[in-house]
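Please read this briefing alongside the sequence and the coordinates.

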Amino acid sequence: MSLACSRSLFFMVFVAGALALGVSYYLEYAVGLLPCAMCLLQRICLASLTGCCLTASVHGPGRLGSFGYWLLGSLFSLAGTVTAWRQVLWQSEPQLHPGLCSPSLADMLASNHWMQVVSLMFNGSADCAHVSWTLFDLSLPEWSLLFFVAMTALSVYQLVRLLRFAFQRPLSGESSHPTLARD
């Protein structure tokens, strides 16, 4: 994989993540949809993935650096996948989770440790089970789940590709670095 190929791929993932973040902020501030706790966790995962890919595209890492960035990106997208999947499950069976409305994020951060806040956010609330917006009959968490699954699949594919390339050895005594054919 050439350096230009990895940079452009990181940049494309950055653009896709930035567009998804832009849509989420548009729906919050222009349309008036208030995000629940799980939506905020998904947004944090998306912002982390987007920031990681922006850093990688600016940095232009080699193979080892690309492996590290793809590994970090896959962790962020996997965390977003798990959070979105949990919210989709909550929305599919809302009567099984009659939770109370959660306090605001500022109130939770003021009274709890940040790990407790993440745990409370991941447990969800009655707000998380409410479907407030759909597009093509898919809710926002379902769209988030599709996006995060695609990003997880892409990053895992790139990790496997980098590992396969690293473990390829020449069959004979020739060099592992191909030379250019010259006239």
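This is a predicted model: local features need pLDDT of at least 70, side-chain atom pairs count only at pLDDT 80 or more; totals for chains, interfaces and linings use all residues.

Residues are numbered from 1 along each chain as its sequence is written, and side-chain values use heavy atoms, with hydrogens and water left out. The chain comprises seven helices and two strands, where helices (H or I, at least four residues) and strands (E, at least two) are DSSP runs numbered from the N terminus.

**Overall make-up**

- Read from the N terminus, the order of elements is α-α-α-α-α-α-β-β-α.
- The chain has 183 residues, and 32% of them count as buried; buried means under 20% relative accessible area, exposed over 50%, and partly exposed in between (1.4 Å probe, protein chains only).
- Of the contacts (heavy atoms within 4.5 Å) between residues at least 6 apart in sequence, 82% join residues at least 24 apart.

- The expected span of a helix is 1.5 Å times one less than its number of residues.
- Gly60 follows H2 and has a positive phi, near 65°.
- The 28 residues of H7 should span 40 Å, which agrees with the 41 Å between its end C-alpha atoms.
- Buried residues of H7 include Pro141, Leu145, Phe148, Met151 and Gln158.

**Nonpolar core**

- A nonpolar core is a set of buried Ala, Val, Leu, Ile, Met, Phe, Trp, Tyr and Cys residues joined through side-chain atoms within 4.5 Å.
- The largest such core holds 18 residues, of which Phe10, Cys53, Trp70 and Phe147 touch the most other members.
- Helix H1 (3-31), H2, H3 and helix H7 (140-167) each give two or more residues to this core.
- H2 provides the largest share of this core, six residues.
- Beyond four places in sequence, Phe10 touches Cys53, Ala56, Ser57, Pro61, Ser66, Tyr69 and Trp70.

- Ser77 is part of helix H3 (residues 63-92), and it counts as buried because its relative accessibility is 0%.
- Setting aside neighbours within four places in sequence, Ser77 is in contact with Leu49, Phe148, Met151, Thr152 and Ser155.
- A polar atom of the Ser77 side chain lies 3.2 Å from the backbone oxygen of Ser74.
- Ala16 is located in helix H1 and, at 26% relative accessibility, counts as partly exposed.
- Ala16 and Phe147 are 131 residues apart along the chain, and their C-alpha atoms are separated by 9.1 Å.

**Cysteines**

- The structure has zero disulfides, a disulfide being a pair of cysteine sulfur atoms within 2.5 Å.
- For Cys52, the closest cysteine sulfur is that of Cys53, at 5.2 Å, which is too far for a bond.
- Cys52 counts as buried at 7% relative accessibility, whereas Cys39, at 22%, counts as partly exposed.

Conventions: A polar contact is a pair of N or O atoms within 3.5 Å; within protein, one must be able to donate a hydrogen and the other to accept it, and residues adjacent in sequence count only if both atoms are side-chain atoms.
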